[in-house]
Amino acid sequence: GRIDGVFVNAAGTGPTAPVVRVPPGRNSKLKRFTGREEYPGSPGVKVDDWKATFDSNLLAAQLLVREALPYMKDQGEGWILFNASFFGGHRSYPLRGPYATAKRSLIELSKLLAFDLAPHGIRVNTIAPGPVWGTRLKGTNEYRPKLYVKRAEGYWQIGVSVSPDYIEAKTLSEIPDGRMPTEAEIAWSMAMLTADPAFNGQTWYTAKGLRFEQEPPETWALG
């Protein structure tokens with residue numbers, strides 16, 4: 001058989017929690033969005049969550065590539081495209097430590113494989129999208145709310161009171177033209193990376209100029 005290429009989209013979102021323990025406390029601003037002043041705090045990310053997130057994001061990717069390589073080496077050509085993330089891969093990601101760290105590691109794995117596999121005619125690249133306007137951000141129903149609802153709930157756990165709409169508006173304000181890329185635009189970038197033999201060992205941050213770093217959430221104005 002023949003394998004022309006492999007798109008590696010293995011991923012697990014991991015926990016939404018601070019890396020270290022945050023004790024319970026009070027924040028009067030919480031009342032605006034939660035009706036409560038007390039916040040429960042967080043024990044931090046558990047060791048098992050670190051392991052599970054790295055298994056699904058990094059180890060699973062390497063195992064998939066390893067199965068495809070014998071076919072590509074026999075052919076003398078092929079391509080591998082990893083799906084990483086602008087968050088973690090290029091910008092810190094508060095409350096998503098295991099996911100961000102695993103995605104950064106995935107980018108490094110891609111570079112190493114590009115170097116090792118180039119003599120076999122195999123190209124390895126990574127696409128690292130930022131926020132993409134589509135179903136995941138918009139949500140579908142009450143059982144799958146839009147992503148920023150989950151982010152707001154995570155911030156509340158550490159006593160930071162912001163609304164989902166505020167998080168979304170702040171993200172848009174950090175993109176120069178105020179618009180997230182669409183799913184179709186990301187697909188076009190993927191096609192370029194896989195089709196053009198000039199690209200190898202590249203990481204494309206398809207985030208439309210989203211600012212490199214964000215201020216810590218606790219410094220945000222009340223949204």
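## The open sheet

Four strands form an open sheet in the order E1-E4-E5-E6, with parallel pairing. Strand E1 (5–8) and strand E6 (203–204) stand at the edges, each with a single partner strand, so one side of each has no neighbour in the sheet. Two strands count as paired if DSSP finds at least two bridges between them. Strands (E, at least two residues) and helices (H or I, at least four) are DSSP runs, numbered from the N terminus.

This is a predicted model: local features need pLDDT of at least 70, side-chain atom pairs count only at pLDDT 80 or more, and totals for chains, interfaces and linings use all residues. Residues are numbered from 1 along each chain as its sequence is written, and side-chain values use heavy atoms, with hydrogens and water left out.

## Strand E4 and its partners

E4 covers residues 78–83 in its parallel pairing with E1, which has four bridges. Phe7 has Leu81 in E4 as its bridge partner. E4 also runs parallel to strand E5 (residues 122–127), joined by six bridges. There, Gly78 stands opposite Ile122 in E5.

E4 is mostly covered, with five of its six residues buried. Buried means under 20% relative accessible area, exposed over 50%, and partly exposed in between (1.4 Å probe, protein chains only).

Gly5 is found in strand E1. Gly5 is partly exposed, at a relative accessible area of 25%. Leaving aside residues up to four places away in sequence, Gly5 touches Met72 and Trp79. A contact means heavy atoms within 4.5 Å. Gly5 and Leu81 are 76 residues apart along the chain, yet their C-alpha atoms are separated by 7.9 Å.

## Nonpolar cores

The largest nonpolar core has 24 residues. Tyr155, Val162, Ile167 and Leu210 have the most contacts inside this core. Helix H3 (86–89), helix H4 (97–117), helix H6 (147–157) and helix H7 (164–173) are the elements that give it two or more residues. H6 supplies the largest share, five residues.

Another core lies apart from it, with 19 residues, among them Ala61, Ile80, Ile107 and Ile122. A nonpolar core here is a set of buried Ala, Val, Leu, Ile, Met, Phe, Trp, Tyr and Cys residues joined through side-chain atoms within 4.5 Å.

## Whole-chain picture

The protein has eight helices and six strands. From the N terminus on, the elements run β-β-α-β-α-β-α-α-β-α-α-α-α-β. The C-alpha trace spans about 65 × 40 × 30 Å along its principal axes. Among contacts between residues at least 6 apart in sequence, 74% join residues at least 24 apart.

Of the 223 residues, 43% count as buried. The accessible surface comes to about 11700 Å², and 56% of this belongs to carbon and sulfur atoms. Accessible areas come from the Shrake-Rupley method with a 1.4 Å probe; for residues, only the protein chains shown count as cover.

There are 27 positive and 23 negative side chains, and the centres of the two sets lie 5 Å apart. Lys and Arg count as positive and Asp and Glu as negative, while His and the chain ends are not counted. Each charge is placed at NZ of Lys, CZ of Arg, CG of Asp or CD of Glu.
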